[in-house]
Amino acid sequence: LNLPIGAVRQRRLHRRIFAATTLLGATLLALPLRSADPPDATPKASPLFDAMKTELDRSMKTLGEQDPAAYYIGYTLTDSQRATVSGSNGALLSSDEARNRWLEVSVRTGSYELDDTHKVDSRTPPNGGPGTNAPLDDDPEVLRRAIWLETDKQYRAAAEALIKIKTGKEVKVQTEEGRAPDFSREKPETYTGPWVSFTLDRKPWEQKVRDYTRYFRQSTAVINSIVTFTANAENIMQLNTEGTHLQFGQIRYRLELFIQGKASDGMDIDRYYNFDWVNPSEAPSDKAVYAAAAQLRKEMEGLVASPLNDPTVGPALLTGRAAAVFFHEVFGHRAEGHRQKDVNEGQTFAKKVGEPILPEFLSIVDDTTMKKLGNQDLLGYYQFDDEGVAAQRVVLVDHGVLKNFEMSRSPLEGFPHSNGHGRRQIGATPVSRQGNLIVESSKMVTNAQLRAKLIELVKQQGKPYGLLIDDIAGGFTFTGRGQPQAFQVQPLVVYKVFADGRPDELVRGVDIVGTPLAALTKIVATGDTTEVFNGYCGAESGSVPVSAASPAILTSELEVQKKETSTDRPPILPPPAHDDAKSGGLQ
Amino acid sequence: MRILRLAALIFALSTASAALAQAPADNDHTLSAMRDEMARSKTRLELQIPQADQPVRPFFVEYRLLDLDVREIVAEFGALVSSNRSRIRQMSVSARVGDYKLDSSNFISEEGFRGFIGSTGDVGIDRDYDSLRQDLWIATDQAFKEAVETYSRKQAYLSSLARPSDIDDFAKVEPVQHIDPLVPSDWSNRNWEQEARDTSTALRAFPQIYESRVTYYLVYMTEYLLTSEGTEIRANHCFAAIEAGMNTLAADGMQVSHYYSSYAPRPADLPNVDTVRKGLNVAGRELMGMREASTAPDYTGPVLFEARAAAPLLAQVLSPSLSGARPPLAFQQVVDQLMNSLGARSEWSGKVGARVLPLKVSLVDDPFAKDYKGTPLIGGYSIDEEGVPAQKVSLVEDGKLQNLLMSRRPGPDFGKSNGHGRSTFLNDPSDPKPTMSNLFFTSSETVPRDDLKKKFLDACRSEKLDYCLVVRQMDNPSISLMHQEDFQELLASFGGNAATDRLPLVVYKIFPQDGHEELVRGARITGFSPRTLRNISAIGDDDFVYNYMQSQVVGLSGTALGAFGTAQSGLPASVVAPSLLFEEVEVRGARGEPKRLPLLPEPPMTPKANN
């Protein structure tokens, strides 16, 4: 792919977790995780706030009087504690724990109406860099020194950017979308939550990742396997010149299974599965993990032997988790507010507010206040977004009609405020991003009935088969104006469902292609069980944790094309564990 | 199908238990996994190529594995920034097709084989048999396919040349077997986190230092090498480092930086807190001096490099020229030019027998030397990264070039390795470069310290100069610069002169009239090549041991910039040299865009005796 940077966002929707945990999780053995440390009885504000406040006041006093003047300064200090235990092919790959503190400073020059972040052309405005390391020891003087230098650096970048904007010709040619202010005014938030941390004995996990990856060695189809457990505790301190003063934390645990294989024609195939949980007692049991592993292995063995599918157009059924990824890619990214503003974006939905864009039986919300859906932890949950705005439930589509966007503090005409969706990976500038995207349906049938409807549609359209898509890996979504408003989503597990009642056939090498507005209107019915995937979504503000949830959907028309394939052939020799010939013998 | 898989499983279990049966006492199955995968790769790995009657097979396969146990502790101004320990095993497999005369190596082409897993990567740290077999299997497959593809591209390229070289691609060696016992990492009973805090606290005494960072880097490693020629090695290495960088801005906005470094063969040998604090204190004071100093002028005239500066100068000037290996064939001219501008070409290659240094000077590289007059040297080893036993090499005798450092890659002068093929895993591990270990620059004719200075001042007077320059210390920007952007800026500032620009750090003007000295900042020496060393006008009777890290960053290794490494990215090396006087050196004064001073004064920093 040779496209301008930023035009294509490669979304690695690392996937989901599903039924296996919720069905089996309850009955299981005690977990090796020792537990999160109990939070302080009464949350205390970190002693570092004083140092941050002193620098904030001192900086604003001076920088607010410069030309151009700073009108906003914000500090974010993120303390992360991360344990990672990884295994591969039956052995421990690594096991370590690290702590890190990262300081980010945001300085804005100009005014809320026109500031240094104002976009005038396709270039991303230069920023002052991703931030800097801060000491782990609570030393106010050393922290102040880091804040001092970083604030100065960010002010300079913001001043330079604003001068460029004001002296540039482009600012005079304002588009309608560009008339919205550059930064929204928001109510300051104050909150002090408990400081979170965990104490973890990594030994049991070291044995588990060995055992889980050893299991995959039994299969000749699996060339490489990696299983990774991570525990991550993050405490965030935010302070800005508007009066926001926040301290909150979150612990998350994750187990990821990943295997690689190769079809006989050289196509690379990988399978992936992840478990996410918040409460240590809800860690997946061995039974649940082996069930997921067995499923991955079975899919891998099926896929390496399966035939390549030809490009087709026809009815398709997406299971809940596949549908969730589909909505994330096809709808969710286009409902991110800043994309409606940027003149280089396709602005698919910019002018569609109040108009139907989906069948009337579908509604979509993005609710980042939800910790769980059913038994499932949602990765997109948070208390405050990365601009210090409280999380909210946002109705994006109500009975088919587009109502709202995911908004950061970059306002749109008619949408003057953030709704708590300004998000970023540490080091990046926040933009509007998805959180928990939840699809609700008022036209539900059982999943069995949905399948029957698929076959009905296949017959109606005179096709030999329809497609059942069980797993999707995310993909590219083109939202830039220079590109066709198309999406390409990579389904990983696809079956042909035949009209004549033959058993389903696993096929390989298909990409879903299409245009978003058309694809969304072709949905004819949904299943009755909402399924969740949790993943990390990558876009211009980095990788952020998200969830998407949806019931299965049936669409009357979906187009698939052939996937690019690798030229590398399968390995010449059989896997060592499956080599019947005498090792090193005289052949 | 099920029966078949069951059979496979039983087979797998039986091979596993067979391996277990011959388990070594230390429970390290690394070499046995390598041996078994090598055996079947040697006999059964082959690829049928269209239009060829015979299937292609590798003539050489090499397994390298580095087991690293690393601690890294960073502190600034008395506060801990990070503290990590990690153990990883990095595997690298390389294969060659063709033959020793002409093979698939030493060719840089634009496109190459793109496998999906690759021939290098992290592997399990359990020292077990089965997982390593699996990893070696796929890596060997990828390395072999890569070699087949590169070989065909190389042949196509060579057929376009008027006169291909008659130098062999790969030198034959006697296989070596050498197995060190496994040793557990000994971090000593010192509290490294506290030491990092306590030493970095010293810089609180200088509130005008904007940024500083003290890094303790402790490494234990076990290196494994197994080749299809029969070499089998398990060797232990370790080293320890303290590196500190610090910076500030002068009143005119010029950034000034300084550094401190100390290297030792083992963590326990690192200097104690007081010694490090003293060193940091000296650097801090000098940095404050540089901050106030006037900028360096453009200057051409006599320059005295005191031993402390002469040793790092030699490290930078000589290292590319000591290599006798043939440079890689580059399909693209751009690569060729880039390597030239970085100084990767040996100026001594093809000059054996010619005078390259002053007549009384000898240059010896001795991997066996452990110390010099009691000061430990860190460049030593007994077997190089290609499994060739180390050799002491007499490079220059009485000013005449006798030898070059050789890896298994032959060159125009010599065809055999003398055990100097060195690399770290950060570089291309399958392509060790001839690299110095402990380099000794000695002269049979020396001048006592005071006489040297007198000679220097006399030269200065006779040139009728108001002042001359003395260099007390050279810079190591990979340590003194604390941000990647600063380093990139420096690289860009070299323009095409990266091969001959040198970076002095502590430079004084010395006035012959009354002998007084003034510190200057921002000087850069230009046009200083190995040829300049022929014109050394006097050599001191002193000496300095410069322990440092040769950079193995891809593209810098083997170039003049190769002398700028850090503990994380380098290969330990030592240079011993005396003070050197040159009659004419060109110095370029301070250049470049000054930065702007911060708008706010620095916040307070309270000095502390100790944490």
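Reader: Is B:S579 buried or exposed in this model?
Author: The model is predicted: local features need pLDDT of at least 70, side-chain atom pairs count only at pLDDT 80 or more, and totals for chains, interfaces and linings use all residues. Residues are numbered from 1 along each chain as its sequence is written, chains are lettered from A and ligands numbered from 1 in the order written, and side-chain values use heavy atoms, leaving out hydrogens and water. Buried denotes under 20% relative accessible area, exposed over 50%, and partly exposed in between (1.4 Å probe, protein chains only). The relative accessible area of B:S579 is 4%, so B:S579 is buried.

Reader: Which side chain forms a polar contact with that of B:S579?
Author: A polar contact is a pair of N or O atoms within 3.5 Å; within protein, one must be able to donate a hydrogen and the other to accept it, and residues adjacent in sequence count only if both atoms are side-chain atoms. At 2.6 Å, the partner of B:S579 is B:D542.

Reader: Which residues does B:S579 touch, not counting residues up to four places away in sequence?
Author: Contact means heavy atoms within 4.5 Å. Under that exclusion, B:S579 touches B:F305, B:E306, B:A307, B:A310, B:L452, B:A538, B:I539, B:G540 and B:D542.

Reader: What percentage of the residues in chain B is buried?
Author: Chain B contains 611 residues. The buried share is 57%.

Reader: What are the spans of the C-alpha trace of chain B?
Author: The spans are taken along the principal axes of chain B. They come to about 95 × 60 × 45 Å.
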